[in-house]
Amino acid sequence: MERPSLLLWLRYAVGGRLPSRYREWVWQDLTSHDWRLRVAGRILLFAFVPIIVMLLLPGPLEIRIYAAAFIVIGPLFVGFAYGDELRDARLRQHGLLPPQGPDPD
């Protein structure tokens with residue numbers, strides 16, 4: 001199974017489509033036992049810059065930490081609450097059919 005380069009992976013992580021030779025890797029990425037964690041992690045990439053900005057703002061440290069934690073909680077909630085829909089959309093984006101039935105534990 002061919003893995004994408006770092007640049008291609010970053011494009012994939014922010015919603016881009018990989019070339020068709022990576023279809024097997026995409027399937028493995030979005031259907032293996034820990035796919036939910038990877039989906040949530042990719043969503044956190046979008047929160048990285050606001051978190052850094054929040055931590056660098058002037059003011060009491062505890063307020064900056066709480067604000068940064070709030071920014072982390074939102075994307076994590078979206079990643080876990082809508083993970084199935086996000087995964088299915090990504091699979092369809094790459095020309096793959098989503099798995100049917102409940103996730104295997």
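User: What radius of gyration does the protein have, when a compact globule of 105 residues would be near 13 Å?

Analyst: This is a predicted model, in which local features need pLDDT of at least 70 and side-chain atom pairs count only at pLDDT 80 or more, whereas totals for chains, interfaces and linings use all residues. Residues are numbered from 1 along each chain as its sequence is written, and side-chain values use heavy atoms, with hydrogens and water left out. The radius of gyration is taken over C-alpha atoms, and the globule rule is 2.2 Å times the number of residues to the power 0.38. Where a compact globule of 105 residues would have a value near 13 Å, the protein has 16 Å.

User: Which elements make up the protein, in order from the N terminus?

Analyst: Helices (H or I, at least four residues) and strands (E, at least two) are taken as DSSP runs and numbered from the N terminus. On that basis the protein has 5 helices and 0 strands, and the C-alpha atoms fill a box of roughly 50 × 30 × 20 Å along the principal axes. From the N terminus on, the elements run α-α-α-α-α.

User: What percentage of the residues of the protein count as buried?

Analyst: The accessible surface, from the Shrake-Rupley method with a 1.4 Å probe, comes to about 7,100 Å², of which 68% belongs to carbon and sulfur atoms. For single residues, buried means under 20% relative accessible area, exposed means over 50%, and partly exposed lies in between, with a 1.4 Å probe and protein chains only. Of the 105 residues, the share that counts as buried is 30%.

User: At roughly what angle do the axes of H1 and H3 cross?

Analyst: Two packed helices are described by the angle between their axes and the distance between the axes. Axes are lines fitted to C-alpha atoms, for helices over the stretch in contact, and angles run from 0 to 180 degrees between N-to-C directions. Angles under 35 degrees count as roughly parallel, over 145 as roughly antiparallel, 65 to 115 as roughly perpendicular and the rest as oblique. The axes of H1 (residues 6-13) and H3 come within 10 Å and cross at roughly 90°.

User: How are H2 and H5 oriented to each other, roughly parallel or roughly antiparallel?

Analyst: H2 and H5 (residues 83-93) pack with their axes 10 Å apart, at an angle of about 175°. Trp 27, Leu 30 and Thr 31 in H2 meet Arg 87, Arg 90 and Leu 91 in H5, a contact with 3 nonpolar, 1 polar and 2 charged residues. H2 and H5 are therefore roughly antiparallel.

User: Is Asp 29 buried or exposed?

Analyst: Asp 29 is found in H2 (residues 23-31), and, not counting residues up to four places away in sequence, Asp 29 touches Tyr 12, Trp 35, Arg 38 and Arg 42. Because the relative accessibility of Asp 29 is 6%, the residue counts as buried.

User: How far apart in space are the C-alpha atoms of Leu 55 and Ala 68?

Analyst: Leu 55 has its place in H3 (residues 35-56) and, at 33% relative accessibility, counts as partly exposed. Leaving aside neighbours within four places in sequence, Leu 55 is in contact with Arg 64, Ile 65 and Ala 68. Leu 55 and Ala 68 are 13 residues apart in sequence, while from C-alpha to C-alpha their separation is 6.6 Å.

User: Which residues does Pro 75 contact, leaving aside its neighbours within four places in sequence?

Analyst: Pro 75 lies in H4 and is buried, with a relative accessible area of 17%. The C-alpha atoms of Pro 75 and Leu 45, 30 residues apart along the chain, are separated by 9.3 Å. With neighbours within four places left aside, the contacts of Pro 75 are Ile 43, Leu 44 and Ala 47.

User: Which residues are in contact with Gly 15, leaving aside its neighbours within four places in sequence?

Analyst: Gly 15 lies in the loop between H1 and H2 and is partly exposed, with a relative accessible area of 36%. Once neighbours within four places in sequence are left aside, the residues in contact with Gly 15 are Arg 90 and Gln 93.

Conventions: Contact = heavy atoms within 4.5 Å. Nonpolar A, V, L, I, M, F, W, Y, C, P; charged D, E, K, R; others polar.
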